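Here are my notes on the model, point by point. Please read them with the coordinates open.

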Amino acid sequence: MNTSAEHIREQVDPVQYIGQYVPLKRSGAWFTGKCPFHNDRTPSFAVHVAKKRWSCFAACNTGGDVIAFAMKYHAWDFKTTCRELSVWANLDTTAAPSRKAAQDPQTEAFSEPPPMDWQHRAESIIQRAEQVLWSDRGETVLGYLLNERGLHEETIRAARLGFVPAASPEDAMYGRVIYPDWRKDDGKPRRVPCGITIPHFAEGALWGVKVRRLSGSPKYLAIDGSRPTLYGADQVIPGWRVLITEGEFDALIVQQIERTQYVDISGVSLGSASHKHLNRRWWKYLQSAPEVLVRVDNDPAGQTAAAELQSLSRSIKVIQVPTGKDLNDFYLAVGGLKAADWLEAQFSTEV
Ligand SMILES: [Zn+2]
């Protein structure tokens, strides 16, 4: 990245950039809001439109340009900040983009749900899978969700989980069902993995369908054409605390605890540790939360995902369950009430 700091200061509108993280209101030559760097009760934070500088007139008694803001807010170094701001503002650079910068436009391209035709097809697969799950053919799988994942029937229904069984011995061998009348762009028939279907809905659209396979590796696949979302984004209540989990079943347990034990905590999931890059599209759902925690698996992929999230906001804390490998294990071991108490205790803020 070759963009000079001077070029960034000229091109990046600090009101727009800072406004993503700090709600700002116009007040003459300034935009004002609550300072994100200290516990601000009155709006003592201001961005000067013409001067393109921000200041905190209270506890911090400091300020600077948009680069200084981004460095302080994200705890990035200077180089990272310049790169991130260039990508954010689409500042063209002559130098070969860095790997990370090259990934970002792709992430941005996924900020729309899949085409309507895809959504209709996937919706019919989900509906069929739901019917199967609640029929005799789904008995074993339903038992797994209830007894090994700790999900209540209401939780399973609300999340619209389902089951795609093998339709033939060949399907069973390859772990997929072929849909000859639903072709991919390359003309080949689509293959839907056999297993537990986990639809990702957000903002009234179907963004994707994950499938938790009963056997084989990798354990999770998605129906081809799915796009990344923040799973549970629709369930986030503004002003509530948020726990980001690695898997969807963990997030469903948090939502179940919220419903049954009345804790003001929203559960969301990245879908997988590999979707560690939470783009601005979904980040906005977490901005009004007084506190955000993350629980990922204790493995390299999980750690990388946690680090990526912390680069968005350094106030995101990583927690681990005291026993078991994930929240579902822990929930099954101690029960809903104790799990709720433990969850409450992880947050330092009360709602
Ligand atoms: Zn301040």
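**Notes on the model**

1. The protein chain is divided into domain 1 (5-109), domain 2 (116-222) and domain 3 (233-346); the bounds come from an automatic or database domain assignment. Taken over C-alpha atoms, the centres of domain 1 and domain 2 are separated by 42 Å.

2. This is a predicted model, in which local features need pLDDT of at least 70 and side-chain atom pairs count only at pLDDT 80 or more, while totals for chains, interfaces and linings use all residues. Residues are numbered from 1 along each chain as its sequence is written, and side-chain values use heavy atoms, with hydrogens and water left out.

3. The zinc ion is coordinated by C35 (SG), H38 (ND1), C56 (SG) and C60 (SG), at 2.0 to 2.3 Å. Donors here are N, O and S atoms within 2.8 Å of the metal (3.2 Å for Na, K and Ca); water is not among the atoms, so sites may look incomplete. The 4 donor atoms subtend angles of 101 to 114° around the zinc ion, and the arrangement is therefore tetrahedral (four donors with all angles between 85 and 135 degrees). For reference, the ideal angle for four tetrahedral donors is 109.5 degrees.

4. The spacing of the zinc donor residues in sequence is C-x2-H-x17-C-x3-C. Strands (E, at least two residues) and helices (H or I, at least four) are DSSP runs, numbered from the N terminus. C60 counts as partly exposed, at 24% relative accessibility; buried means under 20% relative accessible area, exposed over 50%, and partly exposed in between (1.4 Å probe, protein chains only).

5. Two residues deserve a backbone check. N61, in the loop between β4 and β5, has a positive phi of about 45° although it is not a glycine, and is exposed with a relative accessible area of 63%. E203, in the loop between β9 (195-202) and β10 (205-212), is also not a glycine and has a positive phi of about 50°; E203 is partly exposed at 36%. Most residues other than glycine have a negative phi.

6. Helix α10 (residues 248-261) and helix α14 (residues 336-346) pack at about 105°, with their axes 10 Å apart. Axes are lines fitted to C-alpha atoms, for helices over the stretch in contact, and angles run from 0 to 180 degrees between N-to-C directions. The angle makes α10 roughly perpendicular to α14 (65 to 115 degrees). V254, I257 and Q261 of α10 make the contact with G336, L337, A339, A340 and L343 of α14, contact meaning heavy atoms within 4.5 Å.

7. Helix α13 (residues 327-334) and α14 cross at roughly 125°, their axes coming within 7 Å. The two helices are therefore oblique to each other, the class left after roughly parallel (under 35 degrees), roughly antiparallel (over 145) and roughly perpendicular. L327, F330, Y331 and V334 in α13 meet G336, K338, A339 and W342 in α14.

8. T245 sits in strand β12 (residues 241-245) and is buried, at 0% relative accessibility. Neighbours within four places in sequence aside, T245 contacts D250, A251, V254, V268, S269, L270, R295 and L327.

Notes: Tetrahedral: all angles 85-135°; square planar, octahedral: opposite > 155°, others 65-115°.
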